[in-house]
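Please open the model in your viewer and keep the selection panel at hand.

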Amino acid sequence: MYTLFDFLTHTKGLGYIVAGLLLLAYIPFWRFLTEREREG
Amino acid sequence: MSVSRRGFIGGAIGAALGAGAADAGTVKQFPGHPGRYGLLHDTTLCVGCRSCEAACARVNELPLPPGPLDDAEVFAARRRTTDTALTVVNRYVEAPVDGPPVYRKLQCMHCNEPCCATVCPVHAFEKTPEGPVLYDPEVCMGCRYCIMACPYNALAYEYDKVLTPRVMRCTMCYPRIKDGLVPGCAEACPMGAITFGEREQLIAVARERIRKFPDRYVDHIYGEHEFGGTSWLVLSGTPFEELDLLPGVTHEPLPAIGTSYLGVVPLVITIYPGLLLGMYAFSKRQQAVAKEEQERAVGAALAQAGEDAQKKLATAAERAAKDKERAVEAAVKKALAEHQQGGGS
Amino acid sequence: MSDAAVGAAAQGAGARSILTPFNLVTGLILAGGAVILGLRFTQGLAATTNLTHTYPWGLWIGFDVMSGVALAAGGFVTSSAVYLFGMKEYKPIVRPALLTGFLGYFLVVLGLLADLGRPWRLPYPFIKQAGPTSPLFEVALCVALYLTVLFIESTPAAFEWLGWKKLRKLVGSLTIGLTVLGLILSTMHQSTLGAMYMVTPTKLHALWYSSHIPVHFFVSAVAAGIAMVIVEGMFSHRAFHHQVQISTEHFERINFGLAKAGAVALAVYFAVKVVGLAIEDEWALLATGWGAWFLVELLGFVLLPGLMFAVAYRERRLGLARAAAVITALGIMLNRFNITFVAFNWNLPPAERYLPSWMEIWVTVAFITFAVVAFRWIASRMPIMYEHPEWRGQH
Amino acid sequence: MSTKRLPLLLLALVVLGAGLNAGASTPVTATRSIPPSVAVMEFPAAAGAMQRPPVEFEHERHVAALESEGCTACHARDERGTLVPQLAATAGIAGRDALIDAYHEACISCHERRAAAALASGATTCGACHVRRPPGVPARAAVAFDYSLHARHAIAAQDKCEACHHVWDQAAQVLRYEKGKEEACRACHGTADDGRNFSLANASHRSCVTCHLARAEAGAQGGPLRCAGCHDAERQAGWTRLAEVPRLLRGQPDLQWVHGDGATFPAVAFDHRGHEPRARSCSGCHHRTLAACDSCHTLRGREEGDGVTLAQAYHHGSSPASCVGCHASAAAERQCAGCHAGPGAAPAVRSCRLCHAGPATAEEVLAVPPRLAEASLDPLPPLSDGFPEQLSISVLAAEYEPSKLPHAKIVAKLDAGARASALASRFHGDTATLCAGCHHHSPVGVRPPACRSCHSETADPLSDRPGLKVAYHRQCVGCHIRMAVPQQGCTDCHAAKEDQP
């Protein structure tokens with residue numbers, strides 16, 4: 001990792017993927033959270 | 001030596017953390033690929049013969065600059081690099097009474113931290129370990145953000161081509177460098193105004209020239225730090241502003257400024273769902289509460305109305321009953337009176 | 001307006017003759033646009049635009065992408081207000097706003113396709129090779145996603161028109177999730193459009209350049225979105241008067257609500273701009289020629305409409321609110337033009353400056369006309385301006 | 001505000017903006033040059049800032065208007081009849097407000113008086129005099145009182161030096177003339193009035209203008225009376241210069257040993273008489289007083305000499321008053337710059353001996369009379385293969401024909417330049433030194449090596465030694481540029497190849 005450009009490419013690329021996955025993961029988490037509400 | 005239990009545990013944790021902390025603590029430094037190449041452009045030696053333009057055109061198989069090379073009319077207007085001329089020489093200072101005119105060669109500066117590479121949405125630019133910044137036309141979609149972002153206005157675009165327009169710029173003769181040769185312009189320059197070599201050595205050479213001839217040079221190597229430093233280094237006898245070389249607003253590389261905001265983006269992706277669904281839940285609950293209150297209010301109102309109705313009914317019934325009694329009494333009395341009159345008559 | 005009358009009015013529009021003056025004019029413009037685009041795709045960008053190596057981005061980027069995205073922000077503003085923040089009384093204007101947003105973003109993609117050197121490579125950042133360090137990559141990602149979100153959010157009207165009940169129910173259930181996703185995507189790319197200019201501190205004039213440009217772009221987009229909803233309401237309410245179910249009093253109440261939101265948005269935008277001046281200590285620049293031009297934009301097209309919105313809301317004057325909305329929309333366009341090519345490369349001599357060629361202007365007008373015609377075609381068929389009887393009161 | 005007027009307002013805003021924007025990019029106009037006859041009347045720094053822009057007093061217009069009344073209309077004469085340059089009305093007034101009132105009283109009342117008498121008169125309102133103008137640069141050229149001008153004045157004063165020179169007798173508090181003590185005015189008169197010791201400007205105007213005025217009134221041929229007469233650059237160029245200027249005798253030695261007391265380095269024989277015509281005036285070297293250098297500059301530096309040591313005074317590389325500095329600037333002249341401003345022109349270490357050739361100890365200095373080493377350059381050697389007449393450089397010939405180097409012609413031209421200058425012939429020592437101009441970084445005298453023996457094909461980035469092609473061009477074209485030789489084009493030295501497109 002010699003140049004800032006390489007570093008940014010690496011970190012930002014990873015950043016997007018991680019954020020995307022977390023966003024998707026939020027849906028099952030929300031459903032898990034509010035499951036009981038919907039049954040009642 | 002007695003080691004108390006807490007001391008022992010504390011020491012162990014400290015050691016464990018300490019090992020990991022060694023490299024994490026330092027701020028990230030990016031010195032760039034060691035031993036990468038650069039070029040030193042000494043504008044006090046340049047005589048404006050434009051051999052470099054001709055050499056560059058030959059090496060890149062581009063049309064030679066129009067007209068004879070030594071036609072001084074060309075210097076009347078200041079030119080810029082175009083898609084068919086990857087480098088141009090401009091005259092920046094007319095010949096003062098006591099000296100020769102000052103020329104400078106324009107081309108892509110091959111920055112250490114190229115902002116053209118940073119802003120490209122398809123990563124078409126790559127900063128090679130040898131130094132040049134290379135462009136890959138196979139992925140470029142022609143958005144031209146690189147041309148807009150370059151602070152030196154060094155990039156050009158083939159607007160006239162329909163199917164295969166490319167971004168055109170100096171490649172520091174990358175194929176020649178890989179063959180161990182010197183870039184075309186450096187080889188062609190008769191006055192040695194363009195010297196090719198390792199960037200660090202060229203900086204040392206430039207400093208030595210300034211030290212040896214203090215009144216010939218402005219004591220500044222342009223490109224050593226500007227926007228994070230460039231592969232092309234410029235020495236000049238006149239202030240750099242006169243050579244249209246902006247004094248480098250900052251030594252911080254442009255990619256650092258350009259992408260500083262992007263750090264927030266993943267945060268928006270992760271924070272917003274919680275925030276918004278929280279708001280949505282809040283507004284739904286608010287609506288639910290509002291509905292409940294409404295029902296309760298209606299219920300109460302109904303109940304209230306019901307009670308009033310009962311009361312009213314009760315009073316009405318009472319009154320009715322009394323009226324009836326009174327009516328009955330009156331009737332009875334009247335009957336008695338008629339009876340007494342009947343009896344009497 | 002009983003439901004039967006509504007249905008009759010919808011069919012009635014088609015019966016009239018095609019050659020109305022409106023169709024003639026739009027047809028002419030669109031034909032001209034098509035010819036020029038044909039010329040652009042056969043002779044290249046050089047033949048149809050004044051773009052140069054110093055000005056790689058011109059009117060198509062300046063208007064369609066920069067201003068188009070901001071003006072199409074009405075969609076996410078209204079949908080998030082209604083669905084997320086529970087402002088139910090704005091429900092009737094959600095669909096037209098979403099349709100405007102969808103057509104606006106469609107306009108953006110059209111503008112990009114016309115401006116890109118190799119438009120057939122538009123999906124390359126996602127399928128071929130990504131450049132994650134680039135703000136433009138982030139904008140492309142979000143615009144692509146948000147276009148699909150807007151498309152899905154606009155389909156309920158189509159499904160109701162086509163009578164596909166199951167699909168309509170499915171999309172109905174997605175509304176909340178889509179609105180949340182839409183708000184996320186909008187926040188990101190509205191601001192990152194501004195971040196695209198953070199990389200050129202030496203080329204954009206100091207008065208317009210700021211390290212907080214993303215915030216400037218986002219807040220101005222909200223203001224522009226609200227203004228655009230009012231402006232769009234102005235035209236569509238008059239054009240589709242026979243379809244509108246809500247009473248004019250309710251429509252006016254919505255407009256005044258929007259005017260109030262507009263006043264707040266413009267006030268915030270004005271504040272952010274002035275704070276920008278303070279942080280970068282550019283007071284002295286206001287005395288220069290550029291300072292005067294900046295003040296024209298700031299006072300004439302941000303402060304003025306903001307005050308007009310406030311007065312219109314207090315005095316309940318709809319005409320004033322609509323005028324303010326028009327000025328705000330023009331103001332955002334002026335700001336985006338200033339940033340894209342008026343104050344860009346501000347230190348170059350006037351000879352090297354950029355002015356859009358008539359062909360670029362014609363094509364841009366043709367795009368706008370296409371959007372208006374599409375809006376008119378959809379709104380006259382699908383339940384945009386009114387609620388379909390079967391689906392009354394549902395998401 | 002009804003919506004009808006809105007489009008109008010909008011249109012006005014846009015037009016205003018566009019107009020301003022067009023004006024935005026016009027560059028700031030160049031600074032204005034203030035003619036010599038205009039005096040910018042600014043407060044002395046001590047009196048604080050002025051509330052209004054300074055008045056630019058046009059002396060020329062006032063003189064033209066008051067021609068008939070003569071100088072005493074504004075200026076007064078002191079007890080000895082000298083014309084005092086300051087305005088009479090403000091003479092002796094101190095204090096900021098008093099000074100303001102005095103000026104206003106003097107100028108405005110005069111203007112009003114003349115206006116009443118229907119004569120040409122000036123402004124009376126504040127803004128008319130205090131005008132805000134862009135920054136100006138005074139175009140006033142300093143008067144170069146060189147030998148020729150001094151000689152013309154001496155002739156006019158019939159060699160009576162007491163006409164201008166005087167000495168301040170501290171004891172008797174009086175100015176008197178003393179033979180042999182004549183100094184340049186700058187020796188005593190500084191930049192600002194200091195009690196009775198007037199500033200240089202004040203003192204020079206007092207003596208020169210008064211004398212010129214007296215001669216003019218007496219009908220004799222006198223010097224200029226108006227500002228532009230002395231201070232205008234073109235007029236100065238137009239002054240008549242004496243063809244041959246007699247030597248200015250002030251008791252200075254012809255030849256002497258220069259040897260600082262306590263110095264151990266050999267003394268230097270200084271040809272004072274030879275150097276005098278080299279400078280424009282005595283104060284070329286005697287930049288403060290006409291005393292010897294070591295009276296202010298000592299080995300370890302003294303307060304009178306601003307701490308500049310004797311060695312620095314004589315050897316400072318760029319000061320025009322020092323020996324080495326003056327010689328360096330001479331070497332930068334056009335006919336010498338070819339070699340001296342070139343890449344390898346550092347003076348050889350042994351050149352110290354050229355000057356320091358005298359005795360070392362103080363006693364010997366007194367005993368041995370000063371003598372100059374004579375400087376004679378033997379003639380150029382005859383043409384031979386060691387000293388070729390013409391060279392053809394073909395080692396690199398590729399795009400062009402081999403280049404023809406007229407070796408003898410070049411050496412002859414440079415040699416003539418060296419011979420013509422006494423400085424050059426003295427310091428070159430022998431004719432062969434000239435060769436080191438091109439054959440640099442190699443011993444002088446022996447047959448010098450060819451360029452390609454040190455310069456290889458490719459440059460050596462470490463030692464910054466250029467490749468052969470660059471060495472040729474940098475040396476030849478560089479020298480032609482420095483010496484303004486017209487042959488600087490590619491085909492001037494080597495013909496283009498026929499098949500070259």
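**Conventions.** This is a predicted model, in which local features need pLDDT of at least 70 and side-chain atom pairs count only at pLDDT 80 or more, while totals for chains, interfaces and linings use all residues. Residues are numbered from 1 along each chain as its sequence is written, and chains are lettered from A and ligands numbered from 1 in the order in which they are written. The model scores ipTM 0.78 and pTM 0.79.

**Select chains B and C.** Of the five pairs of chains in contact, this pair shares the most contacts; two residues are in contact if their C-beta atoms, placed from the backbone, lie within 7 Å. Here 47 residues of chain C meet 48 residues of chain B. On the chain C side, α2 (21–43), α3 (45–48), α7 (124–127), α8 (135–162) and α9 (165–195) each supply at least two residues. Helices (H or I, at least four residues) and strands (E, at least two) are DSSP runs, numbered from the N terminus. α9(C) gives the most to this side, with eight residues. By class, the side of chain C that touches chain B has 27 nonpolar, 15 polar and five charged residues. Ala, Val, Leu, Ile, Met, Phe, Trp, Tyr, Cys and Pro count as nonpolar, Asp, Glu, Lys and Arg as charged, and the others, Gly among them, as polar.

**Select chains A and D.** No contact joins these two chains, and their closest C-alpha atoms lie 25 Å apart.

**Select chain D and colour by pLDDT.** The mean pLDDT (the predictor's confidence in each residue, from 0 to 100) of chain D is 82, and 91% of the residues score at least 70.

Chain D has 19 helices and twelve strands, and its C-alpha trace spans about 95 × 95 × 45 Å along its principal axes. The radius of gyration of chain D is 32 Å, whereas a compact globule of 501 residues would have one near 23 Å; it is taken over C-alpha atoms, and the globule rule is 2.2 Å times the number of residues to the power 0.38.

**Select the domains of chain D.** Chain D is divided into domain 1 (33–138), domain 2 (147–238), domain 3 (255–338 + 342–367) and domain 4 (385–493), with bounds from an automatic or database domain assignment. The C-alpha centres of domain 1 and domain 2 of chain D are 24 Å apart. Ten residues of domain 1 of chain D are in contact with eleven residues of domain 2 of chain D. On the domain 1 side, α2 (59–65) and β5 (83–87) of chain D give two or more residues.

**Finish at α18(D).** This helix has 15 residues and reaches 21 Å from its first C-alpha to its last, close to the 21 Å expected (1.5 Å times one less than its number of residues). Which elements do the buried residues of α18(D) pack against? They pack against α13 (334–340), β11 (391–393) and α19 (490–493) of chain D. Among these buried residues are Tyr472(D), His473(D) and Cys476(D); a residue is buried if 20 or more other C-beta atoms lie within 10 Å of its own, with C-beta atoms placed from the backbone. α18(D) is followed by Ala484(D), whose phi is positive, near 50°.

Key: A residue is buried if 20 or more other C-beta atoms lie within 10 Å of its own, exposed if 12 or fewer, and partly exposed in between; C-beta atoms are placed from the backbone.
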